[in-house]
Amino acid sequence: MIDFSTGYTYAEILEDMLSQVRKTCASVGIAYVQTGELPREESTAYTLICAVRECVTNAVRYAGASELYVQFSETEKLAAVTITNNGKRPDSPIVEGGGLSTLRRRVERAGGIMAVQSLPIFKLTVTV
């Protein structure tokens, strides 16, 4: 959960979270490639950052990726993130385990939809 006792604004905390994702990518040897910007609505942005964070872990653990592609988009009513990587393609459909299952619950509690595509490439899309 977010600690507001730091004196930072929610927007600053969100930007720091995204910065930490970038630093994590760099530390594990993954290039972070982002298009689009975080959505303006803060709780939505938080949910989307959580999705990106989960995909960093999975891109390293399961795909051996060297690049993570993150695309943020926003309309007047919806915000989304689509995440792919350049790692090994899945041999079979992705089975949601602890991290993806937890993310799905978070997304659905926020009123969003999470779609996991396995073939021909891994792609995670979260729309809130």
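The buried residues of helix α1 are covered by elements that include strand β1, helix α2 and strand β2, where contact means heavy atoms within 4.5 Å. This is a predicted model, in which local features need pLDDT of at least 70 and side-chain atom pairs count only at pLDDT 80 or more, while totals for chains, interfaces and linings use all residues. Residues are numbered from 1 along each chain as its sequence is written, and side-chain values use heavy atoms, with hydrogens and water left out. Helices (H or I, at least four residues) and strands (E, at least two) are DSSP runs, numbered from the N terminus.

**Helix α1**

- Helix α1 covers residues 10–27, and its 18 residues should span 26 Å at 1.5 Å a residue, which agrees with the 25 Å between its end C-alpha atoms; the expected span is 1.5 Å times one less than the number of residues.
- The buried residues of α1 are Tyr 10, Ile 13, Leu 14, Met 17, Leu 18, Val 21 and Cys 25, where buried means under 20% relative accessible area, exposed over 50%, and partly exposed in between (1.4 Å probe, protein chains only).
- Seen down the axis of α1, these buried residues fall within an arc of 140 degrees, so they line one face of the helix; the arc is that of the directions from the helix axis to the C-beta atoms.
- An α-helix has 3.6 residues a turn, so residues three or four places apart point the same way.
- On the other side of α1, the exposed residues are Lys 23, Ala 26 and Ser 27.
- After α1 comes Gly 29, with a positive phi near 80 degrees.

- Strand β1 (residues 31–35) pairs with strand β2 (residues 67–74) in the parallel sense, over five bridges, and two strands count as paired if DSSP finds at least two bridges between them.
- Along this pairing, Gln 34 stands opposite Val 70 in β2, and Thr 35 has Gln 71 of β2 as its bridge partner.
- Gln 71 also has a bridge partner in β3, namely Thr 82.
- Strands β2 and β3 (residues 79–85) run antiparallel and are joined by seven bridges, with a hairpin of four residues leading from β2 to β3.
- Together, β1, helix α2 (residues 42–63) and β2 make a left-handed β-α-β unit; a crossover is right-handed if, with the strands pointing away from the viewer, the path from the first strand over the helix to the second runs clockwise.

**Helix α2**

- The 22 residues of α2 should span 32 Å at 1.5 Å a residue, and the end C-alpha atoms, 30 Å apart, agree with this.
- Thr 47 lies in α2 and counts as buried at 5% relative accessibility.
- Leaving aside neighbours within four places in sequence, Thr 47 is in contact with Leu 103, Val 107, Ala 110 and Val 128.
- Although Thr 47 and Ala 110 are 63 residues apart along the chain, their C-alpha atoms are separated by 7.7 Å.
- Asn 58 also has its place in α2, is buried with a relative accessible area of 13%, and, with neighbours within four places in sequence left aside, is in contact with Ala 63 and Leu 100.
- Gly 64 follows α2 and has a positive phi, near 60 degrees.

- Helix α3 (residues 98–109) has 12 residues and reaches 17 Å from its first C-alpha to its last, close to the 16 Å expected at 1.5 Å a residue.
- Its buried residues are Leu 100, Leu 103 and Val 107, and seen down the axis of α3 they fall within an arc of 60 degrees, so they line one face of the helix.
- The elements covering these buried residues include α2, β4 (113–117) and β5 (123–127).
- The face of α3 turned away from the buried side carries the exposed residues Gly 98 and Arg 109.
- Just after α3, Gly 111 takes a positive phi of about 85 degrees.
- Pro 120 has its place in the loop between β4 and β5, and a cis peptide bond, with omega about 5 degrees, joins Leu 119 and Pro 120.

**Cysteines**

- The count of disulfides comes to zero, a disulfide being a pair of cysteine sulfur atoms within 2.5 Å.
- The sulfur of Cys 25 is 10 Å from the closest cysteine sulfur, in Cys 55, and this is too far for a bond.
- Cys 25 counts as buried at 1% relative accessibility, and Cys 55 counts as buried at 2%.
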